[in-house]
Amino acid sequence: MSETSEVEVRVLRVAADFSLRGVLGALGAKFADAREGSGEVVEIELDLAPGLELAERADLDPGRADVWLFLSPEPLQQLAQKGRLLPDTARTLAQDNLAVVSAWPAVRRGTPPPWQELAAARWKRIAVANFRTSPSGAAAVRVLKSAGLWDSLDYRVELIPNSDEVLLDVMRAQVDAAFVFRSESRRLIQRNSFTIWELAGEGSVFVVCGAVSQKAKQLGLARDFLVFVSKETGIWREWGYEPAGVKR
């Protein structure tokens, strides 16, 4: 009777903003396939949370994950200064932008921002993810205030628990407009039936960056993962991000 040896599965824990789940699923699968080609079995375990909770989690329990991914470099820098993350592993991976989407066709699509459209009386309901937990929601409030529209629109703005529900409301034409990430706007299947404005400028740009936890259980694997995903520009573009692939 022949003996069989069990294959060791290496689990890499990646903590990230909930909005990154799609692209991280694709990147994780490709990374696992690449390692399998080298004779390793790797499983990517995603720990997803509303973006504004991530920094607090990493501060309280940095060993909860091997890799931490944020939508802004500020929390990464602060955590590295506190010794929660390894500064030499920090990488900028991609960029995302805030977008305004609508179920109603408009004369033109793209920029400039649709401030006149939003201010029009026909836009009665505007959906925003909860700004207390969602980076896109917080950014939406900031840009509306910066555009001088918040005071006139706040009674029309509906706070939705998360961006998934925001997109569903847009698809069902239950709201006139909504603020989401540009990458999330790609989930609007019948693209010709929707209007998408991509916003630019301070407050509407998100930089996806990551670093290895100071208490990483899979230190070498975590370093390799960040290098790998920084080079997978095709997958980032496929999911609606602008890849960076450069070290900070």
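Buried means under 20% relative accessible area, exposed means over 50%, and partly exposed lies in between, with a 1.4 Å probe and protein chains only. The model is predicted: local features need pLDDT of at least 70, side-chain atom pairs count only at pLDDT 80 or more, and totals for chains, interfaces and linings use all residues. Residues are numbered from 1 along each chain as its sequence is written, and side-chain values use heavy atoms, with hydrogens and water left out.

Start with charge pairing. Side chains of opposite charge can pair when their charged atoms come close. Here a salt bridge is a side-chain nitrogen of Lys or Arg within 4 Å of a carboxyl oxygen of Asp or Glu. By this rule the model has 16 salt bridges.

Take arginine 35 and aspartate 224. Their side chains form a salt bridge, 3.0 Å from N to O. The pair links distant parts of the chain: arginine 35 sits in helix H1 (residues 21–36), aspartate 224 in helix H9 (residues 219–231), and 189 residues separate them. Helices (H or I, at least four residues) and strands (E, at least two) are DSSP runs, numbered from the N terminus. Arginine 35 is buried, at 16% relative accessible area. Aspartate 224 is partly exposed, at 34%.

Next, arginine 57 and aspartate 47. Their closest N and O atoms are 3.5 Å apart, in a salt bridge. Arginine 57 lies in helix H2 (residues 51–60) and aspartate 47 in strand S2 (residues 41–49), so the bridge ties together parts 10 residues apart in sequence. Arginine 57 is partly exposed, with a relative accessible area of 22%. Aspartate 47 is buried, at 19%.

A further bridge joins arginine 182 and glutamate 198, at 3.9 Å from N to O. This pair also links distant parts of the chain: arginine 182 is in helix H8 (residues 182–185), glutamate 198 in strand S8 (residues 195–198), 16 residues apart. Arginine 182 is buried, at 12% relative accessible area. Glutamate 198 is partly exposed, at 37%. Bridges can also share partners: Arg10, Arg35, Glu40 and Asp224 are joined in this way into one network.

Val7, Val9 and Val41 make a nonpolar patch of about 230 Å². Patches are made of residues with over 30% relative accessible area and no salt bridge; like charges are joined within 9 Å, nonpolar side chains (Val, Leu, Ile, Met, Phe, Trp, Tyr) within 5 Å. Accessible areas come from the Shrake-Rupley method with a 1.4 Å probe, and for residues only the protein chains shown count as cover. Valine 9 lies in strand S1 (residues 9–17). At 41% relative accessibility, valine 9 is partly exposed.
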